[in-house]
Amino acid sequence: MSRIRYILLLLLPLPAMAQVAVEGGVRSYFIETTFRGEVVDSVTGAPLPYAVLSVVKEIRDGRLAVQNHGTDSLGRFSFKVAAGALSRVEVSHVGYKLTVVALDADRPVVNLGKIRLAEDILQVDEVIVRSRARMYQVRGDTITYFPAAARQMRGDALLDILRQMPGVSVGSDGQVTILGQPVERTYIDGRLLFGTDPRVAVTNLDANDVAAIHSYKEPDEDEQLLYGKNARSRRVINVATFSRFTRSISGSARGEAGADEARRERYQAEMQASHYNEQQQLALKVSTDNRPLYDQLFGRQAEGEKRRQEFSVNAAALVGENDYSSEYRHVNVHATSSNFELRDFFPSTAFRSRISADSASSGSTDKAHTGRVDYKRRGNDNKYRIHFSSFFLSNSRAGEEDRVSTVVQDGRPVTESRNRRASFDKSSTFHLVPVLYKKMNDGSSMSFSSNLDINDAGNTATRADSTRAGGVVTRALTGLRGNRSHIDLSSQLTYNRTRRGTLSLTGDINWNGRRDATDATNELTGTRDSTRSRDYTTDHLSINAHVSYRITHKKHRAYASVGYAHVAITSREAFPVAFTDRYRDRLPELSLSYGYDFSGTARASVNFTKRNITPNLLWRNDRVDDTNPLSIRVGNPRLKPSTHNALTLSGSLLKGGHTFRGDLLITLHANAPVYTYRYFTAPATLPGHGDYRVPAGATVTSFENVERLIDFRAIGMYATRVSPLRSTIDVTVDYARSTPREKIDDAWVHSTNQESLLKVKVNTDLSTTFRSSVTSTTRYRHFKNYLGHVQREVRESVNADIRWDFWDLAYLTAIYVMEYNHGTRSAATLDNHLLNLSLGYRLFEEGRGSVSINAYDLLNRAEYITTRVDNLQVSTAWQHLPARYFTVAFVYAFKNKR
């Protein structure tokens, strides 16, 4: 009989079941069990599609492991659970009560039949709205978001779901932040299908394939090897999908062409393709574009006419314990721009009124090649890890600029200057970082890293300056050549001992060697120009040592670090006068932080840092930069290091669909480097700089140390969801105050600067065919200088983004931007309006393609303006953007998941 049992045992499917003989019979142990069934309404019996099934397992220390699944469009489900663990499944659906079913793995396949969900008895009318507002649940430190409670439109991605969730904010670059913490990893069904960049997954994953979104914190794997349970935790999201795919292949092609009112061509073409699975990732992109995207220019530096070409490839592979990744990118940008700047100086003892006006036009061509290679290997015993990283950048720029400056003082012209410049710059950078992590048998750990950074840069230029009305008559420089090269070499050794916390000893040696050289010949005299022809070399050596202690215990997080740095700088000038300047100092550092997690959705922290910063080498280089003859800059080799003491209080809370965040930052600066200004009402020789002649009407700027400065900043954010309107509302309040000091004509002066911001953003999803986003921002600045002159500046903006789907396959999108800028002392008040429209129709199966007609800047009223106020002046700069234009676009995209 025992022989027959043995034969039958061999015939059973081994992956599904294994048996062992015990006294009195045979006991079965299943490796995994498949559970099947259907989720239906308890009253009507109708199937409930897209319900969420959370399989909960109890593991060590009373912790819970949660795995999410979902029903298909017919309410059916099928999932597998490993045998041997007590588990249950919690079934939830929007508008229904949570139902819990125990799982009994007594055979390979278990049919749970129909799981009937009862409607929430409080959900009549009002409660249906309330249940939709509850878009998440919290279990321990895990926040689970339910996409079924969010509106979805055709073609939505995971990113469109996240932006509707409480406690979640989405940046313009696709970066997701949850409770103030940036998401650093995005897992798909527990796997890194889209690589380590968290933004790739949220933009590539279809919204209709998302069953649930789990957000939690996990330890950084490299730090975990060093610090164990005291390692830094990072915020991640794990997305449960319905299809549970393991491979994704996608691609798209876009073409857009048209013309503006001046009959200049406007076009864009882009092709991209990608392949992702858990072992390999590959992405390609090729594009060319000369469209002025006005909505992206508002609030940042405008670039005028621009043509951009780009090619990029990203590849990654996981082979056993070896992790390879690489990236190459080539960008070619040609841009032209023109701008006008008016500077209204505050009255002083030197003049009653002073106005400076600059008009400039420029053009440039930038070409850049960047490459990155990463290699990681983790030992099978998880006791060591190797990380090798290298980065390469090659950049070239050819540009030309024509600038005309006029200065009027007390009603009479002081100078009129013209500066023409044509230049070519080229630089290359190579960056190499090997890192080794090792865990010892006694429980201690060690890491060693070395950083090599090589940079070589050079430029040639031709300049012609002319200044009249009492200044330098004419100067022309040809063959102006410069080169700047430096080598950074640093090594770091860290030793950690873990016993009720982690004690770390870190040593760091950094050496920087830099060479700055220029050579110029004055075309008028044929002689070498001593003000431009100089050769500097600088050696910067720093030796750092740190002792730190960190501990994580239940809800507490604490960190303390004491550091010490020895800095030695040697500067040498070879021409025209040889000299050596030596600088040495010892700089202490201190860092303290404490955090407490009240729950998975409530946390607070306090941080204090004391650090010393060595002056920038260029600030200490005593050379003349007269690229703009009326705004001259010189260095100060006597600059001392500055000390910064910063105290930060932070907190965040998510409760009942309401999100609160607050930050308070107080910073005390000692020996801070600040600007110093000197006016020259008549031509003069610049003291300490040989025979350099400063033209009349010029300002010379340099740096000096100020004894003490205080900065204060407070930020408060509140977000909530208004269920009847299907809207999320975000409110941000920001207030900052500083007391800068500056030196004007050998006199130290005080001023006060206060800035406040109120930002309200409303995202509305009224239906599956209409969506809108409106952001209103008001910035207010109150500046009072040392003479009592006050500048009040108000800058308001409204950004509206609307999408409407109609006739099933047609759609309309609109972007509206309004900017209003007014200052009590500035010369102009600007009221800008921008309107972009796109009317399109979807083509092919599942709307994979579309054709659209697009109008950019339909109102033809786009203009860019910035206003800046300091102790000297109110500066207002204008830049007109290119004319409105119209295009026709065609888009085709495909996705294949398995």
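## The hairpin of strands 48 and 49

In this predicted model, strand 48 and strand 49 form a hairpin in which 3 residues lie between the two strands. Strand 48 covers residues 863-869 and strand 49 covers residues 873-880, and the two pair in the antiparallel sense over 7 bridges. Within this pairing, Thr867 stands opposite Thr876 in strand 49. Strand 48 is mostly covered, since 5 of its 7 residues are buried.

Strand 3, which spans residues 32-41, pairs with strand 9 in the parallel sense over 7 bridges, and Phe35 stands opposite Val110 in strand 9. Phe35 also belongs to an aromatic cluster, which it forms together with Phe77 and Phe79.

## Aromatic pairs

The count of aromatic pairs in the model comes to 20. One of them joins Phe844 and Phe890 in an edge-to-face arrangement, with 6.5 Å from centre to centre and 90 degrees between the planes. Phe844 lies in the loop between strand 46 (830-843) and strand 47 (849-856), whereas Phe890 lies in strand 50 (residues 885-897), so the pair ties together parts that are 46 residues apart in sequence.

The two partners fall into separate accessibility classes: Phe844 has 54% relative accessibility and therefore counts as exposed, the cut-off being over 50%, while Phe890, at 38% relative accessibility, counts as partly exposed.

## Arginines over aromatic rings

Two arginines are placed over aromatic rings. The charged end of Arg266 sits over the ring of Tyr885, at 5.7 Å from the ring centre, and Arg354 lies over the face of Phe345, 5.2 Å from the centre of that ring.

## Confidence along the chain

Averaged over the chain, pLDDT is 82, and 89% of the residues score at least 70.

Terms used. Residues numbered from 1 in each chain as written. Predicted model: local features only at pLDDT ≥ 70, side-chain atom pairs only at ≥ 80, totals over all residues. Heavy atoms only, no water. Pairing = 2+ DSSP bridges. Helix = DSSP H or I, 4+ residues; strand = E, 2+ residues; numbered from the N terminus. Buried < 20%, exposed > 50% of the residue type's maximum accessible area, 1.4 Å probe, protein only. pLDDT = per-residue confidence, 0-100. Phe/Tyr/Trp six-rings, centres within 6.5 Å; stacked < 30°, edge-to-face > 60°. Lys NZ or Arg CZ within 6 Å of the ring centre and 35° of its normal.
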